[in-house]
Amino acid sequence: GVTGAFGSAVRKATRSATDLAPEHRRDGVAFLLVALAVVIAAREWFGVSGILGFIIHSSIGGLFGMGGMAVPLVLLWQAGRFIRYPARRGENSRVGIGLFCLITAVCGLVAIRHNMPNPRNGFEQVQGAGGLLGFAIANPLALAVTPTVAIILLGLLLAFALLVIAATPIREIPDRLSPITRYFFAKDEDYLAAKAQKSAGG
């Protein structure tokens, strides 16, 4: 019957998808992320209305709050990584974990900044703050250790997320910063040397 025909079609489509080369499957994921980014940006950035826009805003804004504005950028960045570094599955997973921690920390901080509006008092306030994710992470922390300490803890989570995304352990931070410090100190040394030489010549 109709159910059997539909099931057969689904099985054929699934089999065809698995027959695709790995490169095409990864490109397909990247294009899907780009499509999602375009659709979400159309609503969150440009206010496109309609049923789809309402569903998108309710989902993205409800979950991430004001952080939903950054979701299209995150999706585009991740799509770019799938295209440029298709074989680096471990790195892509690492970046995904780092982005999740980053978004969680930001949503929590935004929720605290807006006095952690409760969904029971109106969902629009939650959408205008850190979303359900921000409320879920910030409210228990603030109740357990006060909002001030919660801000410090979320700040640490934010710093950890940036280190994970950059693939930089704490012990390597001085090494990563050393070229920058050498650049500025070298300029100062050159300036002082030139000044001393000018004084000696004068």
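Q: Are Cys101 and Cys107 buried or exposed?
A: This is a predicted model, so the values here are computed from its atoms. Cys101 has a relative accessible area of 13%, and Cys107 has one of 2%. Buried means under 20%, so the word for Cys101 and Cys107 is buried.

Q: How many disulfides does the structure hold?
A: A disulfide is a covalent bond between the sulfur atoms of two cysteines. To be counted here, a pair of cysteine sulfur atoms has to sit within 2.5 Å. The number of disulfides in the structure is 0.

Q: What pattern does the chain follow along the sequence?
A: The chain has 8 helices. Strands come to 0. Read along the sequence, that gives α-α-α-α-α-α-α-α.

Q: Which elements give two or more residues to the largest nonpolar core?
A: That core has 13 residues, and the ones touching the most other members are Leu33, Ile40, Ile60, Phe64, Val71 and Leu75. The elements that supply two or more residues are helix 2, helix 3 (51–64) and helix 4 (71–84).

Q: Which residues does Leu33 contact, leaving aside neighbours within four places in sequence?
A: Leu33 is one of the residues touching the most other members of the largest nonpolar core. Set aside its sequence neighbours within four places, and its contacts are Leu75, Gln78, Ala79 and Phe82.

Q: Is Gln78 buried or exposed?
A: Gln78 is found in helix 4. Leaving aside neighbours within four places in sequence, Gln78 is in contact with Leu33, Asn92, Val95, Gly96 and Leu99. Its relative accessibility is 13%, and the cut-off is under 20%, so Gln78 counts as buried.

Q: What does Val34 touch, not counting residues up to four places away in sequence?
A: Val34 belongs to helix 2 (residues 22–44). At 29% relative accessibility, Val34 counts as partly exposed. With residues up to four places away left out, Val34 touches Leu76 and Ala79.

Q: What separates the C-alpha atoms of Val34 and Gly80?
A: Along the chain, Val34 and Gly80 are 46 residues apart.

Q: What share of the contacts with a separation of 6 or more comes from residues 24 or more positions apart?
A: Contact here means heavy atoms within 4.5 Å. Take the contacts in the chain with a separation of 6 or more, and residues 24 or more positions apart account for 62%.

Q: Where is Val48, and what is its relative accessible area?
A: Val48 is in the loop between helix 2 and helix 3. Leaving aside neighbours within four places in sequence, Val48 is in contact with Ala42, Arg43 and Gly53. Val48 counts as partly exposed, with a relative accessible area of 42%.

Q: What is the accessible area of the nonpolar surface patch that includes Val48?
A: The patch is formed by Trp45, Phe46, Val48, Met69, Leu73 and Leu76. Together they have an accessible area of about 600 Å².

Q: How much of the accessible surface belongs to carbon and sulfur atoms?
A: Of the 202 residues of the chain, 26% count as buried. The accessible surface of the chain comes to about 13,300 Å². The part belonging to carbon and sulfur atoms is 69%.

Terms used: Residues numbered from 1 in each chain as written. Predicted model: local features only at pLDDT ≥ 70, side-chain atom pairs only at ≥ 80, totals over all residues. Heavy atoms only, no water. Buried < 20%, exposed > 50% of the residue type's maximum accessible area, 1.4 Å probe, protein only. Helix = DSSP H or I, 4+ residues; strand = E, 2+ residues; numbered from the N terminus. Core = buried A, V, L, I, M, F, W, Y, C linked by side-chain atoms within 4.5 Å. Areas by Shrake-Rupley, 256 points an atom, 1.4 Å probe, with all protein chains shown as cover. Patch = residues over 30% accessible without salt bridge, like charges linked within 9 Å, V, L, I, M, F, W, Y side chains within 5 Å. Salt bridge = Lys/Arg side-chain N within 4 Å of Asp/Glu carboxyl O.
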